[in-house]
Amino acid sequence: MFDKSIKAFENANLFIPGGVNSPVRAFKSVNMNPVFFKSGKGSKMTDIDGNEYIDCVSSWGPLIFGHANEKVVEAISVASKNGTTYGASTEIETLVAKKITEMVPSIEKVRMVNSGTEATMSAIRLARGYTKKEKIIKFAGNYHGHGDSFLIKAGSGAVTLGLPDSPGVTKNIAKDTLIANFNNLSSVEQLFKENKSEIAAVIVEPIAGNMGLVKPRENFLDGLRKLCDSHNSLLIFDEVMTGFRVAKGGAQEIYEVSPDLTTLGKIIGGGLPVGAYGGKQEIMDMLAPNGPVYQAGTLSGNPLAMTAGLTVLNMLNQNVYDKLEIISKKIEDGWNKNIIETNTNAHIARQGSMITLFFSDKNEVINYDDALNLDVEKYAIYFKKMLEMGVYLPPSQYECLFLSSVIDEDDIEKLIISNRMALENIKDE
Ligand SMILES: *Cc1c(COP(=O)(O)O)cnc(C)c1O
């Protein structure tokens, strides 16, 4: 079933470290060789052996309208005929920036970059420049891209591969990153106490999606807001994953907490590489050329990427989120029924179209310690069975599914039946 992919992986390994350009793609934690893809359309992706899958990953979030959406493809194709980059200003950059400020009210000004990693790295530099303080607080199991300051108890691929602290990050950088526990305000309070007047910012995934889906408990985000206010520190919401995904205005809209800075990525590029960070005007105006904090990018605000992004942002409205909610709820309900009827030690966490099926004895995962006790071996078996039945899930227990709005009734039925068969199969192993 995977002959060509196996061969392609051998070839890739000759020239690319680990055969992949991003570690989670290597399928290591699910004990398989990676599948190589050649095309996608709507809710489906096709691999180079010709197998078709319902895609539940959506390129880790960006493809909220599925693969090769006609409007997006058309917009990119028209834009490309006028040249792919100028390294100079275009009006579409302003249109995108304006649109973002309308969708995410806490953002008054926004700077475009080329990835989520760049967005978070730049946001903490800005926070440090603005507050004139050096330390940051992050949460165990949260992932903010691969910037040096963040590769300490990091989620996503780092926890998937068991490498939450990375060699190559110097002690000097690591000591300025303080680690608190997600959903635990007193752990944050303690760090503020021990590092009086030294905390530039608290950065958090307001809905954590990189240790599987973990929602904030009541008052957690609000409590962070208050702690930051009383210590003159900035609150940064990393909404690279949740932005435009859980709601038009991201997690901050749902939880009604307004951060000082927000980082964005994934959906914002409409499938092309884009990130952004924005927030209060007074803070953003510290950036060069207005202010002293330097940050730049040869391809930042690239016209193709801005065109794809704007096309997608313009298509997002409440109907889309209502539709995603209906699709996601049906899948959640079907899978829950399967979990109960097959008597599997598992449960589902869901926020809109972000879903994780946790293999766990506990009935809730609230932080990184809980996540570390998940049954990753069981997930690996589950993943493989689903893949063989034509369902593409994230190749890691520590990631979310990202459903797209083009998943139809047939897809939903297949997702529920396949899940049932996979869970029954696991029982027999
Ligand atoms: C994906 C992600 C990033 C990193 O974005 P890249 O575009 O992969 O660099 C940062 N933060 C969060 C919350 C993410 O999910």
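Modeller: Welcome! A polar contact here is a pair of N or O atoms within 3.5 Å. Keep in mind that this is a predicted model.

Biologist: Thanks! How far is a nitrogen atom of the ligand from an N or O atom in the side chain of aspartate 238?

Modeller: Aspartate 238 is among the residues that surround the ligand. Polar contacts are pairs of N or O atoms within 3.5 Å, and the pair formed by a ligand nitrogen and a side-chain N or O atom of aspartate 238 has a distance of 2.7 Å.

Biologist: Which residue has a polar backbone atom 2.9 Å from an oxygen atom of the ligand?

Modeller: The surroundings of the ligand include Ser115, Gly116, Thr117 and Tyr143. Tyrosine 143 places a backbone N or O atom 3.3 Å from a nitrogen atom of the ligand. For the ligand oxygen, the polar backbone atom at 2.9 Å belongs to glycine 116.

Biologist: Which residue in strand 7 is the bridge partner of isoleucine 136?

Modeller: Strand 5 (residues 135-139) and strand 7 (residues 199-204) run parallel and are joined by 3 bridges. Within strand 7, isoleucine 136 has as its bridge partner alanine 201.

Biologist: Is strand 11 enclosed or open, and how many of its residues are buried?

Modeller: Ala346, Ile348 and Arg350 point one way from strand 11, while His347, Ala349 and Gln351 point the other way, and all are buried. Strand 11 (residues 346-351) is largely enclosed by the rest of the structure, because the buried residues number 6 of the 6.

Biologist: Which residue in strand 12 stands opposite alanine 346?

Modeller: Strand 11 and strand 12 (residues 354-359) run antiparallel, with 6 bridges joining them. They form a hairpin with 2 residues between them, and glycine 352 in the turn has a positive phi of about 55°. Opposite alanine 346 stands phenylalanine 359.

Biologist: One last thing: against which helix do the buried residues of helix 2 pack?

Modeller: Helix 2 (residues 70-80) has Val72, Ala75, Ile76 and Ala79 as its buried residues. Viewed down the helix axis they fall within an arc of 95°, so they line one face of helix 2. Those buried residues pack against helix 11 (303-315).

Terms used:
Residues are numbered from 1 along each chain as its sequence is written. This is a predicted model: local features need pLDDT of at least 70, side-chain atom pairs count only at pLDDT 80 or more; totals for chains, interfaces and linings use all residues. Side-chain values use heavy atoms; hydrogens and water are left out. Buried means under 20% relative accessible area, exposed over 50%, partly exposed in between (1.4 Å probe, protein chains only). Helices (H or I, at least four residues) and strands (E, at least two) are DSSP runs, numbered from the N terminus. The arc is that of the directions from the helix axis to the C-beta atoms. Contact means heavy atoms within 4.5 Å. Two strands pair if DSSP finds at least two bridges between them. A residue is near a molecule or strand if one of its heavy atoms lies within 4 Å of it. A polar contact is a pair of N or O atoms within 3.5 Å; within protein, one must be able to donate a hydrogen and the other to accept it, and residues adjacent in sequence count only if both atoms are side-chain atoms.
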